[in-house]
Amino acid sequence: MRLENKVVLVTGGASGIGRATVNRLVEDGAHVVVADRQVELAAEVVAAVKDAGGNAEVCELDVAEEGAAATAIASIVHTHGRLDGAFNNAGIAGPGVRVLDIEPDDWARVIAVNLTGVFNCVQAEIAQMIQQASGGGIVNTASICGLVALPYAAAYNAAKHGVVGLTKSAALEYGPKNIRVNAVCPGFIDTPMLEQAAGATEERREKISAGVPLRRIAGPIEVAEVVTWLLSAQSSYVAGVAMPVDGGFTVQ
Ligand SMILES: NC(=O)c1ccc[n+]([C@@H]2O[C@H](COP(=O)([O-])OP(=O)(O)OC[C@H]3O[C@@H](n4cnc5c(N)ncnc54)[C@H](O)[C@@H]3O)[C@@H](O)[C@H]2O)c1
C-alpha cells in the first residue's frame, strides 16, 4: 500500500475524476477527505468507501469561496495533525461560445472556480505542508486545455493554462521545502462534465474518439491512476510537470 495512513484531500471528490481518485487513493491505504460543493453526493462516496472497509470523511467546500479552503484544511489538521497530500480537482465547464459572446459573469465564474479555486487550495495546503517535516504532495487538475486551446472555450482554456502556470510556480518555490506540486492534464474523460460540455450522443462520442490517437474516450480511473502515482513516493523526483493523460491528443 503506497499511501498507508496518509491524509489526502480531494476537491470535487463527489463525481467523475475526483470520485474515481478517492476510491483509488483509499485502495492504496489513504484516509481521504472528500471535499465538494455537492455534500450529499460526497456523503454517498464516503459511505461506499466505508462499506468497503476504507477510510474517508466528507467536507462541504466551495473552493471559490475566499477563506473556505483554509478553514477546511485547518479542520483536517485539527483532527488528523497533518495533511500529506491534496488533489485540487474541483472544476466546472465554461460557456461554449466564442470570445465575443462570453458574458462577464460566465467568465468570472469559470476563473473563480477553475483557477482561483485551485489557488485558494494550493495556498492553504502549502502553508500547512511547510510546517510539516514530511513536506507533502499536491496535484492540480488542469486539462489538455491548459496545454493547447479548444474552440469555444476561452474562459476554460485561460483558467486551465493558469493552473499550469500556478503549478510550475509553486513547484519552483516550494520544492526546497520538500513539497512536490504537479498537474494532470486530462483529455476526454467519461464523466458528467464531458456529457454536459460535449453532449452525450453516440455520434458526438465517435467524433471525439476519432480525434484521439488512442481512438477512444478514457474512463476516470485512468486519470486516478496517474494522480495516485503522483501523490505517492514512487514519483519522488517528479515536480512541476503538467502531465497529459490524453491518449496522445496533444502530440498532434
Ligand atoms: N471530463 C473531462 O473530459 C475533463 C477533461 C479535462 C479536465 N477535466 C477537469 O477534471 C476536473 C473534474 O471534472 P469531471 O470531469 O470529473 O467533472 P464532474 O462534473 O464529474 O466533477 C466535478 C466535481 O467538482 C465539484 N465542484 C464544482 N465546482 C465546485 C466548487 N466551486 N467547489 C467544490 N466542488 C466543486 C462538482 O460538484 C463535482 O462533484 C475538473 O477540474 C475538469 O475541468 C475534465
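1. A residue counts as near a molecule or strand if its C-beta atom, placed from the backbone, lies within 6 Å of it. Of the 29 residues around the ligand, those that come nearest are Gly12, Gly16, Gly91, Thr191 and Met193. Helix 1 (16-27), helix 4 and helix 6 (192-198) are the elements that each give two or more residues to this shell, helices being DSSP runs of H or I with at least four residues and strands runs of E with at least two, both numbered from the N terminus.

2. The model is a predicted one, in which local features need pLDDT of at least 70 and side-chain atom pairs count only at pLDDT 80 or more, while totals for chains, interfaces and linings use all residues. Residues are numbered from 1 along each chain as its sequence is written.

3. The shell around the ligand divides into 14 nonpolar, 12 polar and three charged residues, where Ala, Val, Leu, Ile, Met, Phe, Trp, Tyr, Cys and Pro are taken as nonpolar, Asp, Glu, Lys and Arg as charged, and the others, including Gly, as polar.

4. The chain has eight helices and seven strands. Its radius of gyration, taken over C-alpha atoms, is 17 Å, close to the 18 Å given for 252 residues by the globule rule (2.2 Å times the number of residues to the power 0.38), so the chain is as compact as a globular protein of that length.

5. Seven strands form an open sheet in the order 3-2-1-4-5-6-7 with parallel pairing, two strands being paired if DSSP finds at least two bridges between them. Strand 3 (55-60) and strand 7 (242-245) stand at the edges with a single partner strand each, so one side of each has no neighbour in the sheet. From one strand to the next the twist averages 20°, angles running from 0 to 180 degrees between N-to-C directions of axes fitted to C-alpha atoms, for helices over the stretch in contact.

6. Strand 1 (residues 7-11) pairs in the parallel sense with strand 4 (residues 85-88) over three bridges, and Leu9 stands opposite Ala86 in strand 4. Helix 4 (residues 104-129) packs on the sheet, where it touches strand 1, strand 4, strand 5 (136-141) and strand 6 (179-186), and its direction makes about 175° with that of strand 5; contact here requires C-beta atoms, placed from the backbone, to lie within 7 Å.

7. Strand 2 (residues 31-36) runs parallel to strand 3 and is joined to strand 3 by six bridges, with Glu57 of strand 3 as the bridge partner of Val33.

Definitions and conventions. Contact = placed C-beta atoms within 7 Å.
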